[in-house]
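Hi there,

Here is the structure I promised to pass on. Have a look at it first, and then read my notes below.

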Amino acid sequence: MAETVGCARTSGTVSGETPAEPTPPVTIAPKEIPMTARVGQKAPDFTAPAYYKGSFGPVKLSDFAGKWVLLCFYPGDFTFV
Amino acid sequence: MSAVADKYPVLQGLGVEVISVSVDSHFVHKMWNDHELSKMVKGGVPFHMASDQAGNVGRAYGVWDENQGIELRGRFIIDPDGIIQAMEVLTPPVGRKFSESIRQIQAFQHVRASGGKEAMPAGWEPGKLTLKPGPELVGKVWEVWKPDME
């Protein structure tokens, strides 16, 4: 028989009771960042670490204001397409 | 990305900058450039290769794949005012067609140069007919443009 500490049921059930279905572990949803990219709307600005011509440094989209920008996402380095 | 790197001079000729983004670190970008891409493209990658390890940039652009922890092939054309003019997103196994990006950039640049007074019919390429929307053109597009002109 499970010991109790104060009011806590350390076994999770009352003695003799069939344990209920285990509840799924709590998962923390990743930080919600709403998709804001839409044609005809301002491009979401960002700053990210980057490799550029032999050196490392941040790249900031809004630093390219006044120029056309082709922004390309891809699945990963050393992939095949 | 090597296809874009290879055609970078064409983009420069159109006044276009490139930023590539993936979830790899910038250190891995360097390795990929040094050990593979620089063997495909003379001089290596000429533009910024950004790292988005947490996927936050990808989320904002709707290309973050939660299940795989990667970014889908998303291509965005952003004008000098920072406005997204075009977007295209593909699942990983199919690559982009570079010439289509160029065609769209040229079309949007033409629209901008016309002050928004001209529109580009389907399949427009430089030198082809543009449309000038206005009261006279309503219901009369068939007189000047036909689908086989695409």
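This is a predicted model: local features need pLDDT of at least 70, side-chain atom pairs count only at pLDDT 80 or more; totals for chains, interfaces and linings use all residues.

Let's start with strand β1 of chain B, which covers residues 16-22. Seven of its seven residues are buried, so the strand is largely enclosed by the rest of the structure. That holds for both faces: Val16(B), Val18(B), Ser20(B) and Ser22(B) are buried on one side, and Glu17(B), Ile19(B) and Val21(B) are buried on the other.

Which strands pair with β1(B)? One is strand β5 of chain A (residues 68-73), which runs parallel to β1(B) and is joined to it by six bridges. Among the paired residues here, Trp68(A) has Val16(B) as its bridge partner. Another is strand β2 of chain B (residues 48-51), also parallel to β1(B), with four bridges between them.

Back in chain A, take a look at Leu70(A), which sits in strand β5. Is this residue buried or exposed? Its relative accessibility is 1%, and buried means under 20%, so Leu70(A) counts as buried. Leaving aside residues up to four places away in sequence, Leu70(A) touches several residues of chain B, including Val16(B), Glu17(B), Val18(B) and Ile19(B). Its contacts also include Val4(B), Leu11(B), Phe76(B) and Ile105(B).

Key. Residues are numbered from 1 along each chain as its sequence is written. Chains are lettered from A and ligands numbered from 1 in the order in which they are written. Side-chain values use heavy atoms; hydrogens and water are left out. Buried means under 20% relative accessible area, exposed over 50%, partly exposed in between (1.4 Å probe, protein chains only). Helices (H or I, at least four residues) and strands (E, at least two) are DSSP runs, numbered from the N terminus. Two strands pair if DSSP finds at least two bridges between them. Contact means heavy atoms within 4.5 Å.
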